[in-house]
Each structure stands twice: as structure tokens, then as C-alpha cells.
Amino acid sequence: SVEPGTHVVCGHLGFLAVPDAKEVMVIGLGTGQTGGAAASHPTAQVTVAELSEPVLEVARQFAAFNSNAMNHPRVDVVLADGRDVLRAAPDDHFDIVVSMPTNPWIVGVSDLFTVEHLEMVRRKLTDKGVLVQWLHYYEMSDEIVHQLLCSLHRVFPHQLVFRLEHGDLGIISADTPLQINAESIKKLFAEPSVLAELRSHNNHQIPVDVDQLMVMQLCGEETVNQVCKDFDSPLQQLFPTVEYRAPRAFFVGRSADALLTRLDTRRNSEADTIMGRDPTLRTLTGERRQRLHRFLRDTNYRDESLLIGATAPADDNPIQGAIEALGLPNPASVTADGHAAVCAVIEKGAPWLVQGFQTMLGPASVEPKAAFWAQRCAQR
């Protein structure tokens, strides 16, 4: 199931690209939190399409958590297939479409990930419009997630990929280059109704400031371009292969970890992210650093231990124990010929020390020995 943080953040992501969005569509009602989040933006008129009538009653039970979306004056919930609602809408109509269907192994749901459906979404978007696509990688294979991501990229070549809650991705996709920078992000959090909505959940998984949201971005379009280079098997309606292949990954408990590693550029000093490329965002001092450290620590998201270390106080670094357990020798005590042997130990027992020591937020540890061996072994 999709976690609350994923529902909420997906309702806000599109406004990073289109802050003054007027027409917004959400495919899938769920608990109503996505529609409620979108409606916190004062210019937005939100249309939510939901196929299953019992879900409407569920959303009513979540009124305290979804800004009373079912009775909100700017939220229109339509009991219909989202594809039919899109077909009936004029072209160039929506500023943002948020697609949050259920898992693609459910019969018929994979249609919402096909190039034919995505091309229809593109026609219904305005020139500045964006699609926010939820995509999970839990209980999915690398091959399936790669096909879904790159089918999306085939239609929308400009993308920013965000991690949401465990196993979930939120992908902002556009037909034209995305113009998102530090100032446009700050404007989102400067809107009182938006900040109030984010804070109302009292959920440590939900970002409430610029740094917390930006650290969630895994990569931008350069990385997706590379991941999808030479991709030639887009998902098509006449060949719904995901519908038949995905259940296998589900039953054996697969996870697209290898693909996620390729997408997560934050463990790199040259991260393909807005935060990584903007010195004003990645240079953290004082209270900003402490707040971001607490956010990363409390969300406890997999594979973020290096970022947690990079923002931690020097005397309270959670990965320091792992570094000490390696028993790294003093560089001065090892001859040049012995460097290879030390690096072999590191590559076997702690490859992260070489692959992700220099994160976009700085080194994962200020331990001099760790810094030396990370740099030395990376050069091999």
C-alpha cells in the first residue's frame, strides 16, 4: 500500500514546476490526501477520478487527514475511469496531472503506464504542464521498473526523480525542460496554506522546508537520459507484458535495487539534483544542517546512511562505528605497494566508502583515515 507521505508529497510536486497551476487532475482518490494536498494551493481547481465507489466512502473517513477533500469547494471527485475523464477533457487543459493508480500487476492498471496513455496525458496538458507519476520499486524487478520509467521517458523526455516513502518514487515529467530552482522551491513553502497542509500531518516522513524536499530528489534528466539510453521496448496497450511479468516479482519479493542505485546520484559530489548543483542549497550550516540531519535520521530511508553521516555532528556520526570496524590502518604505516591490499578489504567489506563517501552534502565522515582511503581507493 502507498504510505501517507507518498500521497501527500505527490500532491505538491507538480507545483514546483507550475506554481500557479489552475487545472489539476488526480488519477486515483485513495485516502483523498493527494487531492487535498493539491487543493492547498490557492489557484488550483482539482479534479479527482476514482474508479471504485467504495473508495469514496474510505476517503470520507479520512477527512481529518485530507483537508476534508470530499467536501472541499475546489475539489471535484468524479466516479469514473481516469482515462475516460482525460479523453473527455479538451486538449491543452490541465496544468498538472498526478497519476497514482494502484500496482501495475493489477489487471488493467498497467494501461496507465503505456505510451498510448501517456501520449494522451501529454495532449491534455498545457504547454507548461507536467505529469507527476507515482512508481513503486518494491516487489518489482529492475527490468520492469526500467521499462515503466523509460516508457514514461519516451513520451516525456524531461524528468526529475524523487524518493518518497520506502519503495516509492515520484517523477515530475514534462515535454519541455523543467524550470525549477531554489527560488521557485522557496515560493512553494512561503505559501501559508501549503505549509499549513504539510505541517498538519505531523508526520516526520513529510518535508516541511526546502532542504527536506530537495534532499529527496535522486536525480534529474541527465541521469534518466543515461538510464534510458538505447531503450527500445516501450510498454504498449496491445502488449501489456507488465501485467503478466510483474506478479512474478511480487510473489518472490523482488526489488529494483540495482536500478535505484543508478538513479540515486546523491552519493556523489557532482549529484544530478537541484540541491547538488546549487551551492546555496547544498552548503548547510547551523540550524539548517541540524534540521536536515534530524529529517534524514527520523525518516530512516534505506541507503541514506551516508547522507545522515554527512549532516551529523562530528561527535555523533552514526556511520563512525562502521568505519572503525574496518580497522583502517594509518596511511603513513602502509607502503605504496600495500595500498592495493587495503583497498581490496574496503571494496569487499564496505564498498560504500569508495562509491559514496563524498556525497552532495559533503563527506560522510570527517575521519582523516576514512577520507584518505576513500580517495585513494577511488583512484584505482
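The buried residues of helix α8 pack against α1 (4-17), α2 (33-39) and α7 (182-190). Here, helices (H or I, at least four residues) are DSSP runs numbered from the N terminus, and buried means under 20% relative accessible area, exposed over 50% (1.4 Å probe, protein chains only). The structure is a predicted model, in which local features need pLDDT of at least 70, side-chain atom pairs count only at pLDDT 80 or more, and totals for chains, interfaces and linings use all residues. Residues are numbered from 1 along each chain as its sequence is written, and side-chain values use heavy atoms, with hydrogens and water left out.

Which residues of α8 are buried? In this helix, residues 192-200, they are Val194, Leu195, Glu197 and Leu198. They cover an arc of only 160 degrees around the axis (taken from the directions from the helix axis to the C-beta atoms), so they sit on the same side of α8. Pro192, Arg199 and Ser200, on the other side, are exposed. Just after α8 comes Asn202, with a positive phi of about 50 degrees.

Attention now turns to the interior. In soluble globular proteins, nonpolar side chains tend to be buried together. A nonpolar core is a set of buried Ala, Val, Leu, Ile, Met, Phe, Trp, Tyr and Cys residues joined through side-chain atoms within 4.5 Å. The largest such core has 61 residues, and Leu16, Met214 and Val215 touch the most other members. Helix α1 gives the most to this core, with six residues. Leaving aside neighbours within four places in sequence, the contacts of Leu16 (heavy atoms within 4.5 Å) include Phe162, Ile172, Leu188 and Met214. A second, separate core of 44 residues includes Met25, Val85, Leu135 and Val155.

How many disulfides are there? Counting pairs of cysteine sulfur atoms within 2.5 Å, the answer is two. One joins Cys150 to Cys228, S to S 2.2 Å. This pair links distant parts of the chain, 78 residues apart: Cys150 is in helix α6 (residues 142-155), and Cys228 is in the loop between α10 (221-227) and α11 (241-252). Both Cys150 and Cys228 are buried. A disulfide also joins Cys343 to Cys377, S to S 2.1 Å. Cys343 lies in helix α18 (residues 339-349) and Cys377 in helix α20 (residues 368-378), so this pair ties together parts 34 residues apart in sequence. The torsion about the S-S bond of Cys343 and Cys377 is about -90 degrees, so the disulfide is left-handed. The sulfur of Cys10, by contrast, is 15 Å from the closest cysteine sulfur, in Cys219, too far for a bond.

Note on methods
Helices (H or I, at least four residues) and strands (E, at least two) are DSSP runs, numbered from the N terminus.
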